[in-house]
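My entries follow in the order I made them.

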Amino acid sequence: MQLVELRHLRYVVAAAECGSFRRAAKALEIQESAISRRIRDLEDEIGAALFIRHHGGVRLTHAGERFLARARRALSQIGHAAIDAGSCGRGEAGVVRIGIFSSLASGFLSDLLRTYVVANSGVRPDLIEGGPAGHIISVQRHHLDIAFLTGQPIADGCDVAHFWSERVYVALPSGHELALGSEISWSDLADRQFIISEIDPGPEIHDYLIKHLADLGRHPSVERHRVGRDNLMHLVAMGQGLTLTSEATTAACFPGVVYRPLSEEILPFCAIWSPQNDNPALRRLLSLARTMSKRSKSGLVGASRVTAAASRLT
């Protein structure tokens, strides 16, 4: 049996609903002979009459009624398929896989994802935490659509764009002597005890400490702990050591922990993605990120965040 064409299904449905080939042809804006001939060809192909022809028009046979029910379902499914494909193609539906390395407690990334979800309710953001190396490989292999990382990573075959920057903060016990000041310098940290997590972003913080304190001729004492960020902050509150964190994470409060900005230390954040990635939902996210980044850099966004950060430090 040859494949039944989509127009055959439409002709049968129209004829059944209109009760005649003439009225169906008028509704579809084609010749009556075209409908009559195509339905006759279809009946010959399947070996069963679908309509009983009479002087006033046509009516379905028992076989025709069964065919009509399935034809309607088929047309409905095809219609839904076209709508779904169109929505995905326009970035209005689907999934965008996002690698994150920073906190979503506050800041640019939090604002970006919140705004994106509101504007694209049909798209599900799939967030994956991880380190720079793993995220870069995942983007290159199209296992991730985009990753937001610190610094200016090198990723072969990927595009990189700087979207925002955050100040670097020192997390320390509320009773610590350095908590009395409004800002901390690297010289204040020269002989301090530091703690980091063995998981990301612990290794990056370790390298950051080594690099900057080496410039002062110091080799910092850094202890690694097999805990996540939350439990690391509780260790800070217990006086086990200081640690560094980004501005966005300071929105998360921990009993006995205060944050102080590290003088003149700014941490750039960027996004990486593959130019060969054809996910329209990704393109919408990039477009929104560029728009928000421009507004932020022009000073239209962020004033309220500075005020909130100041209030947390008092």
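**Entry 1: helix α1 and its partners**

I began with the crossing of α1 and α3, which is left-handed. I kept in mind that this is a predicted model.

I then looked up the geometry of that pair. Helix α1 covers residues 6-18 and helix α3 residues 32-46; they pack at an angle of about 110°, and their axes are 10 Å apart. Angles of 65 to 115 degrees count as roughly perpendicular, so α1 is roughly perpendicular to α3.

Next I listed who makes the contact. On α1 I found R7, H8, Y11, V12 and A15, and on α3 A34, I35, R38, I39 and L42. By class I noted 7 nonpolar, 1 polar and 2 charged residues in the contact of α1 with α3.

I turned to the pairing of α1 with helix α2, residues 21-28. Their angle is about 120° and their axes lie 8 Å apart. That value makes α1 oblique to α2. I logged the crossing of α1 and α2 as right-handed.

From α1, the contact takes R10, Y11, A14, A15 and C18; from α2, it takes F21, R23, A24, A27 and L28. I sorted the residues of the contact of α1 with α2 into 8 nonpolar, no polar and 2 charged.

I checked phi at E29, which is positive at about 60° although E29 is not a glycine. I placed E29 in the loop between α2 and α3.

**Entry 2: the largest pocket**

How many residues line the largest pocket, and which lie nearest its centre? I counted 37 lining residues, with F101, S102, D200, P201 and I205 nearest the centre. I recorded a volume of about 850 Å³ for the largest pocket.

I then asked which elements supply the lining. At least two residues each come from β7 (193-197), α7 (202-214), α8 (229-237), β9 (243-246) and β10 (257-273). The largest share, 7 residues, belongs to α7.

**Entry 3: a cis bond by the pocket centre**

I returned to two of the residues nearest the pocket centre, D200 and P201. A cis peptide bond joins D200 and P201, and I noted omega at about 5°. I found P201 in the loop between β7 and α7. Both β7 and α7 are among the elements that supply at least two residues of the pocket lining.

Technical notes
Residues numbered from 1 in each chain as written. Predicted model: local features only at pLDDT ≥ 70, side-chain atom pairs only at ≥ 80, totals over all residues. Heavy atoms only, no water. Axes fitted to C-alpha atoms, helices over the stretch in contact; angles between N-to-C directions. Helix = DSSP H or I, 4+ residues; strand = E, 2+ residues; numbered from the N terminus. Parallel < 35°, antiparallel > 145°, perpendicular 65-115°, else oblique. Left-handed = near helix turned anticlockwise from the far one by under 90°. Contact = heavy atoms within 4.5 Å. Nonpolar A, V, L, I, M, F, W, Y, C, P; charged D, E, K, R; others polar. 1 Å grid on protein atoms, 1.4 Å probe; cavity = no way out; pocket = protein on both sides within 12 Å on 5 of 7 lines; lining within 4 Å. Points joined across faces, edges and corners; volume = space filled by probe spheres on them.
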